[in-house]
Amino acid sequence: MAKLAIKSETCKQKRLFPLDLEEMIPKTHIVRVVDMVIDRLDISPILHTYKGGGRSTFNPRTMFKLLVYAYLCNIYSSRKIAQATVENIHFMWLSSMNAPDWRTVNYFREKRLKDGQCFKAKGNRRIEVNHELNYYKSQARELLLSEEGLMHRSKGPIEPEAVFGQIKANGAFRRMRLRGMKGVSLEFGLKAMAHNLQKMYRK
């Protein structure tokens, strides 16, 4: 009988060189897509919610990346997101090995993102009418009210249902964590962004 060959276990041995997370994550992994896309977003409204001073804080852009990737992975609990930053190599890479606790994750989602959706301008506001936009709106309205437009609109309720079904069933997204119209809009926006990034990645 041939001798059974078993791979050696070295988990308790010290390594001369530490593991490099950059090398462990494939170049085509979706976490890199999330990282690249959010690096290109303007997050100045979120930055306006920070006063500055005091001790150092977690990078707001990194926190945003963690939330979007967590929603993409169907992880919605702030405790589970915080746990993933110390157990999951993709979260660890995305956070640069910085591990925010669940309170920090929860505060960023409930406070920073909600307050950062918009901010009041200082001084008087000037409102300008875009006549070209109004022209295109009137054209779109005429097309929607035409026979062809009515036919396409009749199919409308069928198409979105599949997307909501995927988000609810496949994404295990069955309830909102945030309350109020602003909170619900924010959280569904996070899930929609994660859903669209996943679709883009699969194409």
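Helix α7 (residues 102-115) gives the most to the lining of the largest pocket, contributing four residues. The pocket has a volume of about 350 Å³. This is a predicted model: local features need pLDDT of at least 70, side-chain atom pairs count only at pLDDT 80 or more, and totals for chains, interfaces and linings use all residues. Residues are numbered from 1 along each chain as its sequence is written, and side-chain values use heavy atoms, with hydrogens and water left out.

**The largest pocket**

- Y50, R55, S56, T57, F58, M63, T104, Y107, F108 and R112 form the lining.
- A pocket here is an open set of points on a 1 Å grid over the protein atoms alone, where a 1.4 Å probe fits, with protein on both sides within 12 Å along at least five of seven lines; lining residues have an atom within 4 Å of a point.
- Grid points are joined across faces, edges and corners, and the volume is the space filled by probe spheres set on them.
- By class, the lining has five nonpolar, three polar and two charged residues.
- Ala, Val, Leu, Ile, Met, Phe, Trp, Tyr, Cys and Pro count as nonpolar, Asp, Glu, Lys and Arg as charged, and the others, Gly among them, as polar.

**Helix α7**

- α7 has 14 residues and spans 19 Å from its first C-alpha to its last. That is close to the 20 Å expected at 1.5 Å a residue, taken as 1.5 Å times one less than the number of residues.
- A kink of about 35° is centred on F108. The bend is the angle between axes fitted to the seven residues ending there and the seven starting there.
- V105, F108, R109, R112, L113 and K114 are the buried residues of α7 (under 20% relative accessible area, 1.4 Å probe, protein chains only).
- These buried residues pack against α3 (44-47), α4 (60-72), α5 (78-87) and α11 (180-202). Contact means heavy atoms within 4.5 Å.

**R112**

- R112 sits in α7 and is buried, with a relative accessible area of 18%.
- R112 touches T49, Y50 and Y107, not counting residues up to four places away in sequence.
- I46 and R112 are 66 residues apart in sequence but 6.2 Å apart in space, C-alpha to C-alpha.

**The whole chain**

- The chain has 11 helices and zero strands. Helices (H or I, at least four residues) and strands (E, at least two) are DSSP runs, numbered from the N terminus.
- Buried residues make up 29% of the 203 residues.
- Of the contacts with a separation of 6 or more, 69% join residues 24 or more positions apart.

Key: Buried means under 20% relative accessible area, exposed over 50%, partly exposed in between (1.4 Å probe, protein chains only).
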